[in-house]
Amino acid sequence: MPMAFVFMTVNLGSKMDVLRELMLVDGVIEAYALLGEYDIVARVWAKSQDELGRIIKERISRIGNVRSVITLLATEDLWEEAKLMAKRRSTAVNICPNCHAEMPLEAKYCGFCGKKLK
Ligand SMILES: [Zn+2]
């Protein structure tokens with residue numbers, strides 16, 4: 001499912017207003033105010049590329065005070081790889097020998113039963 005990062009510049013002093021409106025747009029998963037070349041970045045998700053394009057063109061670009069919109073599409077074919085990497089990383093945990101809870105590698109004691117971890 002397509003996802004994009006949308007970088008925006010907005011009129012001076014309008015970041016908060018634009019952020020507020022962005023969060024009302026269907027498909028906007030998260031949005032942040034930035035310091036630098038762009039004022040706001042939003043992560044947008046849609047069921048299809050067409051829908052994603054519509055959200056950006058007809059909703060996000062039309063929010064008042066938005067001056068420019070740059071869309072960077074996430075490359076879907078690399079997601080699976082990234083997910084695998086994240087999974088591999090999350091399996092690097094310390095399993096409690098007593099209650100089998102997963103604790104971070106650096107944990108010395110189980111956060112659930114208190115047993116000392118190896
Ligand atoms: Zn435990």
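F7 stands opposite V41, a residue of strand β3, where strands, like helices, are DSSP runs numbered from the N terminus (E, at least two residues, for a strand; H or I, at least four, for a helix). This pairing belongs to β1 and β3, which run antiparallel and are joined by 6 bridges; two strands count as paired if DSSP finds at least two bridges between them.

The model is a predicted one, in which local features need pLDDT of at least 70 and side-chain atom pairs count only at pLDDT 80 or more, while totals for chains, interfaces and linings use all residues. Residues are numbered from 1 along each chain as its sequence is written.

## The chain as a whole

The protein chain is divided into domain 1, residues 3–74, and domain 2, residues 79–118, with bounds that come from an automatic or database domain assignment. The C-alpha centres of domain 1 and domain 2 lie 36 Å apart. Along its principal axes, the C-alpha trace of the protein chain spans about 55 × 35 × 25 Å.

In secondary structure the protein chain has 3 helices and 6 strands, and these follow one another along the sequence as β-α-β-β-α-β-α-β-β. The radius of gyration of the protein chain is 21 Å, well over the 13 Å that the globule rule gives for 118 residues, so the chain is more spread out than a compact globule; this radius is taken over C-alpha atoms, and the rule is 2.2 Å times the number of residues to the power 0.38.

Of the 118 residues in the protein chain, 18% are buried, a class that requires 20 or more other C-beta atoms within 10 Å of the residue's own, whereas 12 or fewer make a residue exposed and counts in between make it partly exposed, with C-beta atoms placed from the backbone. Among contacts in the protein chain between residues at least 6 apart in sequence, 46% join residues at least 24 apart, and a contact here means that the C-beta atoms of two residues, placed from the backbone, lie within 7 Å.

## The four-stranded sheet

An open sheet is formed by 4 strands in the order β2-β3-β1-β4, with antiparallel pairing. At the edges stand β2 (28–33) and β4 (66–73), each with a single partner strand, so one side of each is left without a neighbour in the sheet. From one strand to the next the twist averages 20 degrees.

Strands β2 and β3 (residues 40–45) run antiparallel and are joined by 5 bridges. Across this pairing E30 stands opposite R43 in β3, the bridge partner of Y32 is V41, and that of V28 is V44. The two strands β2 and β3 form a hairpin with 6 residues between them, and G36 in its turn has a positive phi of about 135 degrees.

## Helices and core

Which strands does helix α1 touch? Helix α1 (residues 15–22) packs on the sheet, touching β1 (3–10), β2, β3 and β4, and its direction makes about 170 degrees with that of β2. Helix α2 (residues 49–60) also packs on the sheet, where it touches β1, β3 and β4, and its direction makes about 15 degrees with that of β1. These angles run from 0 to 180 degrees between N-to-C directions, with axes that are lines fitted to C-alpha atoms, for helices over the stretch in contact.

The largest nonpolar core has 17 residues, and those with the most contacts inside it are V6, L22, A42, V44 and I56; such a core is a set of buried Ala, Val, Leu, Ile, Met, Phe, Trp, Tyr and Cys residues joined through C-beta atoms within 7 Å. To this core β1, α1, β2, β3 and α2 each supply at least two residues. Not counting residues up to four places away in sequence, V6 touches V41, A42, V44, I56, I60, V69 and T71.

In a regular strand the side chains alternate between the two faces of the sheet. Strand β3 has a covered face, made up of I40, A42 and V44, and an uncovered one with V41, R43 and W45.

## Individual residues

Most residues other than glycine have a negative phi. N65, although it is not a glycine, has a positive phi of about 75 degrees; N65 lies in the loop between α2 and β4 and is partly exposed, with 16 other C-beta atoms within 10 Å. H100, also not a glycine, has a positive phi of about 65 degrees; H100 lies in the loop between β5 (93–95) and β6 (102–104) and is exposed, with 10 other C-beta atoms within 10 Å.
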